[in-house]
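Open the model in your viewer and keep the selection panel at hand. The tour goes stop by stop.

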Amino acid sequence: MSKASKIRCLRENIGLRRTEFGLKIGCTYGQVERLEDGLTPLTEELRTKICREYGVNEDWFDSSPGVPQLEENSDLRRKRLKKILEESGMSQREFGKSSHGGDVLGRWSLF
C-alpha cells in the first residue's frame with residue numbers, strides 16, 4: 001500500500017472529511033486531496049504531524065501493511081462513536097441500553 005493510500009485509509013477509518021483531517025496537520029482540503037492522490041509527496045514534517053495528531057506509529061508508513069492500530073484519544077473516540085450512532089440510527093442512550101451495541105461496535109473492531 002502506498003503512502004498516499006495509507007493517508008486516505010487512515011482518514012477514512014477515523015471517519016474524518018479531508019477538511020477536518022487537514023485542520024489538525026495544517027493542510028487544506030486540496031492539500032489532503034493531493035496527498036491522497038499521490039500528487040504531492042509526504043514530507044517528513046507532515047508525516048510527523050499525522051503520526052502525532054492521529055496516534056500512528058511512524059514505521060507504519062514505511063513497512064506495516066493495512067490499517068494502522070491507533071493510539072486512542074478522547075476526541076477520536078467521540079468522533080467514531082458519533083459515526084457509529086449515525087449509521088445505527090440510535091440515540092446514545094438507546095445504543096447504551098441495547099443488546100445490539102456490541103454488534104454495531106464489532107464492525108468497527110479495526111480501531
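Helices here are DSSP runs of H or I, at least four residues long, numbered from the N terminus. The model is a predicted one.

**Stop 1: helix 1.** Select residues 3-14, which form helix 1.

Now colour the buried residues of helix 1. They are Ala4, Lys6, Ile7, Cys9, Leu10, Arg11, Asn13 and Ile14.

**Stop 2: Gly15.** Step just past helix 1 to Gly15, where phi is positive, at about 90°. Gly15 sits in the loop that runs between helix 1 and helix 2 (18-25).

Buried would need a value under 20%, and exposed a value over 50%.

Next, show what surrounds Gly15. Skip its neighbours within four places in sequence, and Gly15 is in contact with Glu20 and Lys83. In sequence, Gly15 and Ile84 are 69 residues apart; in space, their C-alpha atoms are 9.7 Å apart.

**Stop 3: cysteines.** Go back to helix 1 and select Cys9, one of its buried residues. Its relative accessible area is 13%, so Cys9 counts as buried. Select Cys27 as well. Cys27 is buried because its relative accessible area is 11%.

How many disulfides are there? With a cut-off of 2.5 Å between cysteine sulfur atoms, the count is 0.

How values were computed: Residues are numbered from 1 along each chain as its sequence is written. This is a predicted model: local features need pLDDT of at least 70, side-chain atom pairs count only at pLDDT 80 or more; totals for chains, interfaces and linings use all residues. Side-chain values use heavy atoms; hydrogens and water are left out. Helices (H or I, at least four residues) and strands (E, at least two) are DSSP runs, numbered from the N terminus. The expected span of a helix is 1.5 Å times one less than its number of residues. Buried means under 20% relative accessible area, exposed over 50%, partly exposed in between (1.4 Å probe, protein chains only). Contact means heavy atoms within 4.5 Å.
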